[in-house]
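Work through the exercises below with the sequence and the coordinates at hand, and compare each step with the solution that follows it.

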Amino acid sequence: MKKIFIIGYYGYNNIGDEILFESILDIFEELNFVGDIYIISDKVNQKEKYSFNIINIEKFDFPKIVNKIKESDIVIYGGGNLFQTETSLRSFLYYELLFNIAKKYEKNILFISQGFGHFKHNYAIRKMKKILKYNKLYGILRDKTSYLFAKRFTNNFQLGTDIGVLKYRNKKFEKNTNQGQIVFVIKSRKNWDNLVYILKQAGVSKIVPVVLNKAQDSIYAYEFYENYKNQIDISFPIYDEENIIDEYLKSEYVISDRLHGGILAMYLKIPVIMYRNQKNYRVFNAIDDKYNLFYRDEEDLIYKIANLSSYSFEVIFENYKNKLNDTYIKTLNLIKTFL
């Protein structure tokens, strides 16, 4: 019986990471995998039934982690920018340690829908170079910068795109747009007085705050709702995945601070304005290098909203659809090679 060890940021109420995880599980289901899949997570909310067993391992249960990696046929880093020091060097060291355990036992390691960085520590950059030189490491990366960096040390990587929305590929969605409604995916506090003023001047009559990461974003979403519920029609913050999709389909466009808030909009063919940080820029640039609806502040937002009506979103939607399908096939074939 085959055994797979999957590493990711799972079980922390982050919808972006959870849909990445579920998309990878769907790929194993499509490959008719039968066996055990070990997940590092204190708690995974498993909604679907699969033909394989999913076994949770606590994040710091190192004796069990070492034992299960040793038993596994493949070790997979399943989506996201796990190798980075933006949140902390400690996070990088943790994922590096897991890599070195797998390397010690000469395991085939796959990076699926991964990106690297950003790095605030030279130590991490040096270690990343060493990681990429491991000859049993293969992968599909979701942004060009990470791909070109990896190509300096190995030819075992391919360029793809983020596959988080693959879990929806067999579902049909229909837009039911409400004039004046938008979704706002909140990650941090901003100059909301200006933002709400700009949106009202742009004809927005209803704002739906969406929370993708409950642990980090809830406080900001509640604060936004409480501060402005008497100034404009604002729904109570939305957390549930199905309700989020429903509100997306009702909205004229989405403003998203978080990457998967934007990726979901692209998949559902809803125009989206993205907050510009390094991760968002890299992934969207890999989808279409002509996409430039990024904002850093409220002044930027004015111009991006003004450009929405003349923007070639249909071309970008089609580009993402094609790149997602291409990445899906690449991922299927890569995993199949090692099963």
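**Salt bridges and the main pocket**

Lys 167 and Glu 241 are both buried, in what is a predicted model.

**Exercise 1.** Determine which parts of the chain are tied together by the pair Lys 167 and Glu 241.

*Solution.* Begin with the distance: the closest N and O atoms of Lys 167 and Glu 241 are 2.7 Å apart, which is within the 4 Å cut-off for a salt bridge.

**Exercise 2.** Decide how the pair Lys 190 and Asp 257 is placed, buried or exposed, and where in the chain its partners lie.

*Solution.* The closest N and O atoms of this salt bridge are 2.5 Å apart. Lys 190 sits in the loop between β8 and α6 (192–201) and Asp 257 in the loop between β11 (253–256) and α9, so that distant parts of the chain, 67 residues apart, are linked. Both Lys 190 and Asp 257 are buried.

**Exercise 3.** Describe the largest pocket by its volume and by the classes of its lining residues.

*Solution.* The volume of the largest pocket is about 980 Å³. Of its 38 lining residues, those closest to the centre are Asn 81, Gln 84, Thr 87, Arg 258 and Lys 279. Elements that give two or more residues to this lining include α1 (15–30) and β4 (74–83). Sorted by class, the lining holds 9 nonpolar, 18 polar and 11 charged residues.

How values were computed: Residues numbered from 1 in each chain as written. Predicted model: local features only at pLDDT ≥ 70, side-chain atom pairs only at ≥ 80, totals over all residues. Heavy atoms only, no water. 1 Å grid on protein atoms, 1.4 Å probe; cavity = no way out; pocket = protein on both sides within 12 Å on 5 of 7 lines; lining within 4 Å. Points joined across faces, edges and corners; volume = space filled by probe spheres on them. Helix = DSSP H or I, 4+ residues; strand = E, 2+ residues; numbered from the N terminus. Nonpolar A, V, L, I, M, F, W, Y, C, P; charged D, E, K, R; others polar. Salt bridge = Lys/Arg side-chain N within 4 Å of Asp/Glu carboxyl O. Buried < 20%, exposed > 50% of the residue type's maximum accessible area, 1.4 Å probe, protein only.
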